[in-house]
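Colleague: I would like to learn how to read a ligand shell and a strand in a model. Please take me through them.

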Amino acid sequence: MSDENRTAALDGVNPGLVPQRFLYTGARMPAIGLGTFGSDHVTADEIAEAVKGAAAAGYRHFDCASVYCNEDRIGPAFKAIMDGGVAREELWVVSKLWNDKHDDVLGSCQKSLADLGLDYLDMYLVHWPFPNFHPPGCSVESRSPDAKPYIHESFMRTWRQMEALVEAGLVRHIGTSNMTVPKLKLLLRDCRIKPAINEMELHPHFQQQELFDFVRANGIEPVGYCPVGSPGRPERDRTPDDTVDIEDPVILKIAQRLGVHPAVVCVKWAVQRGQTPIPFSVKRRNYLANLQCTVSEPLTATDMQAIAGLEKNCRLIKGQVFLWKDGQTWEALWDVDGEITPP
Ligand SMILES: NC(=O)c1ccc[n+]([C@@H]2O[C@H](COP(=O)([O-])OP(=O)(O)OC[C@H]3O[C@@H](n4cnc5c(N)ncnc54)[C@H](OP(=O)(O)O)[C@@H]3O)[C@@H](O)[C@H]2O)c1
């Protein structure tokens with residue numbers, strides 16, 4: 001353990017005190033996780049070191065994905081954590097199926113397991129409902145020549161393979177990511193094993209109240225990505241209209257009163273609202289503050305109400321590379337009219 005990690009262990013949070021979510025299976029999932037996508041500017045080794053430091057600080061939930069290109073570095077970090085005395089059952093490890101592997105779910109899951117050095121995952125997600133390959137880091141203008149729309153029958157073929165992973169014991173739960181209400185309705189109608197979580201973009205300026213309410217009403221836990229508004233996201237994921245949660249005067253005022261960074265207010269609000277945020281940071285003071293705020297005195301009802309009023313419908317991760325037809329805008333991916341966008 002590095003000196004920095006040892007210090008984290010000293011002023012960390014007892015994982016037994018961190019709020020938990022109960023999934024419909026009865027499993028307990030820590031209500032905050034550490035994101036592991038380095039937004040193209042943090043190396044795999046720095047992230048692996050942060051995973052070890054975060055575990056020493058009290059994190060038990062880690063949001064991984066094959067497309068983050070670092071699972072083979074995070075694997076040794078998990079080994080070090082377990083060698084250090086944390087039992088496998090105490091960890092909550094998530095990985096995700098990338099878009100070019102919708103036909104090879106077993107192979108992709110086995111590769112993530114091998115890279116992560118585990119014999120099962122707690123959660124495996126279909127990362128996006130579109131089976132459209134694009135190389136990591138490509139421009140938002142880039143389009144795959146054989147990009148496809150959402151075709152429910154194809155998605156169900158992938159979902160059947162996901163269900164088979166549960167039946168084979170390779171994963172304990174399966175879930176979705178970047179879904180919409182109409183797509184989830186079809187999945188809930190046709191699945192044998194229902195998704196246990198839906199990972200979705202959630203921050204004060206993008207609260208997705210309808211989808212949030214829908215998943216909870218259906219016994220699916222909402223997991224929120226970009227919980228502090230992803231201030232370090234790659235240039236390609238920025239547009240001039242994007243707003244900045246951590247510069248919002250309401251967030252700044254609460255942060256000032258509490259003596260914390262505005263990012264911490266976003267994380268605290270997320271846990272208290274009922275989603276499970278997965279903030280990314282490789283800086284110990286930041287990931288520690290994000291964890292500590294889940295066990296400190298709650299935000300007041302007035303704070304919660306004020307943040308609820310900050311909705312700006314500001315989606316940051318628009319997904320342009322998944323568009324399948326010329327002339328479409330990114331809204332087509334998100335079924336904004338309440339119906340699945342026709343092919
Ligand atoms: N399912 C999906 O499609 C999907 C999509 C996007 C992301 N994700 C997941 O969600 C995770 C989080 O999303 P994200 O990384 O884009 O955005 P984020 O967590 O909203 O933002 C991360 C940024 O916020 C800063 N930050 C975090 N905590 C802070 C604190 N307490 N004080 C000051 N700054 C703080 C970090 O800076 P420092 O490094 O300087 O601390 C980092 O640059 C990803 O890592 C990934 O695991 C999933």
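Modeller: Start with the terms: helices (H or I, at least four residues) and strands (E, at least two) are DSSP runs, numbered from the N terminus. This is a predicted model, where local features need pLDDT of at least 70, side-chain atom pairs count only at pLDDT 80 or more, and totals for chains, interfaces and linings use all residues. Residues are numbered from 1 along each chain as its sequence is written.

Colleague: Which helix gives the most to the shell around the ligand?

Modeller: H10 does, with 3 residues. Helix H9 (262–273) and helix H10 (284–292) each supply at least two. A residue is near a molecule if its C-beta atom, placed from the backbone, lies within 6 Å of it. Of the 31 residues around the ligand, Gly35, Tyr225, Gly232, Phe280 and Ser281 come nearest.

Colleague: How many residues of strand S8 are buried?

Modeller: A residue is buried if 20 or more other C-beta atoms, placed from the backbone, lie within 10 Å of its own. In S8 (residues 197–201) that holds for 5 of 5 residues. Ile197, Glu199 and Glu201 are buried on one side, Asn198 and Met200 on the other.

Note on methods
Buried ≥ 20, exposed ≤ 12 C-beta atoms within 10 Å, placed from the backbone.
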